[in-house]
Amino acid sequence: MTRGEATRAKVFFKGEHDDFVVVVDSADDYQKWVSDRSIPLAQVVSSFKVFATHRHGPHGRLEGASNALLENEFGTSNEDEAVIKILEKGTLQEFELQERQGFRNDANAIGSGR
């Protein structure tokens, strides 16, 4: 595997006012939680942070959702409650992080003065 390349998963929810994303640790953990709610959420989500894409869909730029956005969409500014609603109503999407490019050790690069 190339440096930095990894598969990640997120749950996307297209809301009435905005689009929201919650990053999960793995697709398998999320699927297990959907069928068995006794699994702690801390074992499913990467963080209890809700991201908004400002109507740019699942591939839009992720920015932290403000309390006002959460309140308008979910009726609460509590991120924990919003995370649960997104996980319940959203769709799972897997994506790959881009590989990193560049020198492995700049000190050994051509022209480094050695």
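**Figure 1. The secondary structure of the chain comes to 3 helices and 5 strands.** Helices (H or I, at least four residues) and strands (E, at least two) are DSSP runs, numbered from the N terminus. Along the sequence, the pattern reads β-β-α-β-β-α-α-β. This is a predicted model: local features need pLDDT of at least 70, side-chain atom pairs count only at pLDDT 80 or more, and totals for chains, interfaces and linings use all residues. Residues are numbered from 1 along each chain as its sequence is written, and side-chain values use heavy atoms, with hydrogens and water left out.

**Figure 2. The whole chain, by burial and contacts.** The chain has 114 residues, and 35% of them count as buried. Buried means under 20% relative accessible area, exposed over 50%, and partly exposed in between (1.4 Å probe, protein chains only). Take the contacts between residues at least 6 apart in sequence: 61% join residues at least 24 apart. Contact means heavy atoms within 4.5 Å.

**Figure 3. The largest nonpolar core holds 23 residues.** Such a core is a set of buried Ala, Val, Leu, Ile, Met, Phe, Trp, Tyr and Cys residues joined through side-chain atoms within 4.5 Å. Phe-20, Val-24, Val-50, Ile-86 and Leu-87 touch the most other members. At least two core residues come from each of strand S1 (6–14), strand S2 (19–24), helix H1 (27–35), helix H2 (67–74) and helix H3 (79–89). H3 gives the most, with 4 residues.

**Figure 4. Leu-87 and its contacts.** Set aside the neighbours within four places in sequence. Leu-87 is then in contact with Val-11, Val-22, Val-24, Tyr-30, Trp-33, Leu-41 and Val-45.

Figure 5. The buried residues of H3 are Glu-79, Ala-82, Val-83, Ile-86 and Leu-87. They cover an arc of only 135° around the axis, so they lie on the same side of H3. The arc is that of the directions from the helix axis to the C-beta atoms. An α-helix has 3.6 residues a turn, so residues three or four places apart point the same way. At the start of H3, a side-chain oxygen of Asn-78 comes to within 2.8 Å of the backbone nitrogen of Asp-80.

**Figure 6. His-54 and Arg-55, in the loop between S3 and S4.** The loop runs between strand S3 (51–52) and strand S4 (63–64). His-54 is not a glycine, yet has a positive phi of about 55°. Arg-55 is not a glycine either, and has a positive phi of about 65°. His-54 is partly exposed, at 37% relative accessibility. Arg-55 is also partly exposed, with a relative accessible area of 41%.

Note on methods
Polar contact = N/O pair within 3.5 Å; in protein donor to acceptor, adjacent residues only side chain to side chain.
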